Amino acid sequence: MSKSLILTVLLFAFILLLSVIHLLRKGRIPVKYALVWILSSIVVVIISCIPNLMVSLAKFLGFELLSNMVLCIFIGLLLFLTLILTVMMAGQKKKTTLLIQELSLLKKEVEDKWWNIY
């Protein structure tokens, strides 16, 4: 694994990590979403810090070039992150639907009491 590739991957991971921490500190994303991104950037740092393992793994899996395997790992990581975020969004949709239903019931109850007074 070339030094330039290692430095590029490390730079990417640290920029991602710093960006997520900055967004977390500003309150722009909740902790549960930030944890997914922080863990993925830590995985990228660990992978790039052990280049010999990556070379051996690339040969074992049949990749011609190590950069192809790195690209494959990034694509897999992005697919995994997309799946996790989709599951989280589905949970949020269920919660939103439940809140809308509860609000509608409370609104109807208040309107019924209002009309009973007059």
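What is the relative accessible area of phenylalanine 74, and what does that make it: buried, partly exposed or exposed?

A: Phenylalanine 74 has a relative accessible area of 22%, so it counts as partly exposed (under 20% is buried, over 50% exposed and anything in between partly exposed, with a 1.4 Å probe and protein chains only). Quick housekeeping: this is a predicted model, where local features need pLDDT of at least 70, side-chain atom pairs count only at pLDDT 80 or more, and totals for chains, interfaces and linings use all residues. Residues are numbered from 1 along each chain as its sequence is written, and side-chain values use heavy atoms, without hydrogens or water.

Now for the partner of that ring. The structure holds one aromatic pair (ring centres within 6.5 Å; planes under 30 degrees apart are stacked, over 60 edge-to-face, the rest tilted). Phenylalanine 12 and phenylalanine 74 make up the pair: their ring centres sit 5.5 Å apart and their planes are at 70°, so the arrangement is edge-to-face. Phenylalanine 12 belongs to helix α1, while phenylalanine 74 belongs to helix α4 (residues 66-117), so the pair ties together parts that are 62 residues apart in sequence.

α1 and α4 pack at an angle of about 15°, and their axes are 12 Å apart (axes are lines fitted to C-alpha atoms over the stretch in contact, with angles from 0 to 180 degrees between N-to-C directions). The two helices are therefore roughly parallel to each other (under 35 degrees; over 145 is roughly antiparallel, 65 to 115 roughly perpendicular, the rest oblique). Leu5, Val9 and Phe12 come from α1, and they meet Ser67, Val70 and Phe74 of α4 (contact means heavy atoms within 4.5 Å).

Val9 of α1 turns up again in the packing against α2, where Ile6, Leu10, Ala13, Phe14 and Leu16 are also among the α1 residues involved. On the α2 side, the list includes Val31, Ala34, Trp37, Ile38 and Ser40. Here α1 (residues 3-26) and α2 (residues 31-49) have their axes 9 Å apart and pack at about 165°, which makes α1 roughly antiparallel to α2.

Have a look at serine 40, which sits in helix α2. Serine 40 is buried, at 4% relative accessible area. Setting aside neighbours within four places in sequence, serine 40 is in contact with Leu16, Leu77 and Leu81.

Back on α4, Val70 also takes part in the contact with α3, together with Leu66, Met69 and Ile73 of α4; from α3 come Met54, Val55, Leu57, Ala58 and Leu61. The axes of α3 (residues 51-61) and α4 come within 9 Å and cross at roughly 90°, and the two helices are therefore roughly perpendicular to each other.

Last stop is the loop between α3 and α4, where you'll find glycine 62. Glycine 62 is exposed, with a relative accessible area of 56%. Its C-alpha atom is separated by 22 Å from that of phenylalanine 80, which is 18 residues away along the chain.

Terms used:
Helices (H or I, at least four residues) and strands (E, at least two) are DSSP runs, numbered from the N terminus. Rings of Phe, Tyr and Trp (its six-membered ring) pair if their centres lie within 6.5 Å; planes under 30 degrees apart count as stacked, over 60 as edge-to-face and the rest as tilted.
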